[in-house]
Every structure is written in structure tokens, then in C-alpha cells.
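Dear colleague,

Please find the structure below.

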Amino acid sequence: MSLISVKDLYFNYPAKKDALKKVNIEINDGEFICIVGENGSGKSTLVKCILGLNKIQSGEIIKKDRIGYLPQKTEIQSNFPASIEEVVLSGTIANNINKIWYTKRDRATANRVMKDLDLYEIRKKCFMDLSGGQQQRVLIARAMCATEKIIILDEPTNGLDPSISNQIYEMLLRMNKKRKLTVVMVSHDVHRAINYCNKVIELKDGEVTYIGDSKNYRAGG
């Protein structure tokens, strides 16, 4: 089942025309997708168009479920003066910013996600006191609380050492298999990331140059 359909998408920045041009992709239930390409190829721009953060010039984007989103990590994200539990719980309000308290269902969702990501036993720890890899795991848990179907991550291993990056990829693969969570991941770490995904979307100069099985992509198309 298709969760996101992108049809004939065009997007321009004021200083850059054709940042995306005639992009056609389908994101299906249960896939683990890696979006790859050089810097400036349009990876993050495509993600922001899908999320509605960029206003497209033409084309159509059809979304059939709520999306959990993890943007590129910033220094602000590293300095949340809150516990792990509080950060993860905050993800439940992503689709309803007018909520003023958490429901039993919200807390049950957060507890399930924290258990899945091995965070439950340390849920009272302060977010600021965690290592970079632990913080990223908490932020992924937060994004997962916003959805039951699909999560989009923009460079989730940026700044992490290779062993921690592998742990993040393995965790995402586990959630993809165990919870049937569709994972869409932007990554510059192509050679490592494609060992975990089952589908690759490659962009170059705003155009899709490859879409298909990760094994074929690894073999050179």
C-alpha cells in the first residue's frame, strides 16, 4: 500500500530554479528507504516538500498517514532541560499542538516506544546528560510517538562515530521489521546505510537518477 505518492513535483528556491524537477516516487507500507545524493542534490528539499515545509510550484503530494519526523540534529536539540520520558512524550503532541495534557494513550504509546528502543529503564535521566548516540535514540523515539506507520529522518547519524551509526541503523531496521514501521532516511553515509535499507532513491541536481532495490544499487544499477 502506498503511504506517500509524489507526482511530477517541481520546486524552486528564490536563488535556485529547478531545485527539484519532475520528481515521481512512491513510498510504500513496510519499506526501508534510503535517499542518497551529493550535497545540494535535493535530498532535504524533497523531505521538506513531503512534510509541507516547502511550498511546491507544481505537482502533487498525496499522504495517507501521519508522519514522524526527525530533522538534522542541532545544538538546541542537545540541550533540552528535560528527562528522556518528557522528551519522548512530547512527540505525541506533534499532530495536535493544542493539547494541554497527556492522555493515558499518549503515555502508553511513549512507554511502548521507550521499551522498544531500550530507553524505558533510564527514562528519568536528563536528556542533556546523555551521549550523542543516546540523545539521537531519544529523538527517534520522540518522532515515533507521532505515528504508527512512517518516520522520516534527515541525516540521523550525522556527527556520530561509525559504531554508534551502525547501532542507529540496526535499531531502525529492527523497528521496520518488528513494528512494520516504514522508514525513510536521508543519508550521506551511502556505503553503510544501503546495507540496512531495501530501497534506494538517488537524487542528482534535483532529479531522481535511481529508484529501486538496494542490492542492484550496490552492484552499480
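How many salt bridges does the structure hold? It holds 8 salt bridges, a salt bridge being a side-chain nitrogen of Lys or Arg within 4 Å of a carboxyl oxygen of Asp or Glu.

This is a predicted model, in which local features need pLDDT of at least 70 and side-chain atom pairs count only at pLDDT 80 or more, while totals for chains, interfaces and linings use all residues. Residues are numbered from 1 along each chain as its sequence is written, and side-chain values use heavy atoms, with hydrogens and water left out.

Glu85 forms a salt bridge with Arg123 (4.0 Å, N to O). Glu85 lies in helix α2 and Arg123 in the loop between α3 and α4, so the pair ties together parts that are 38 residues apart in sequence. Helices here are DSSP runs (H or I, at least four residues), numbered from the N terminus. Glu85 also meets Lys124 in a salt bridge (2.6 Å, N to O). Glu85 is buried, at 15% relative accessible area, whereas Lys124 is exposed, at 60%; buried means under 20%, exposed over 50% and partly exposed in between (1.4 Å probe, protein chains only).

Another salt bridge joins Lys178 and Asp116 (3.1 Å, N to O). Lys178 belongs to helix α5 and Asp116 to helix α3, so this pair ties together parts that are 62 residues apart in sequence. Both residues are part of a salt-bridge network with Arg112 and Arg179.

Finally, 10 of the 13 residues of α4 are buried, so this helix is largely enclosed by the rest of the structure.

Yours sincerely

Conventions. Helices (H or I, at least four residues) and strands (E, at least two) are DSSP runs, numbered from the N terminus.
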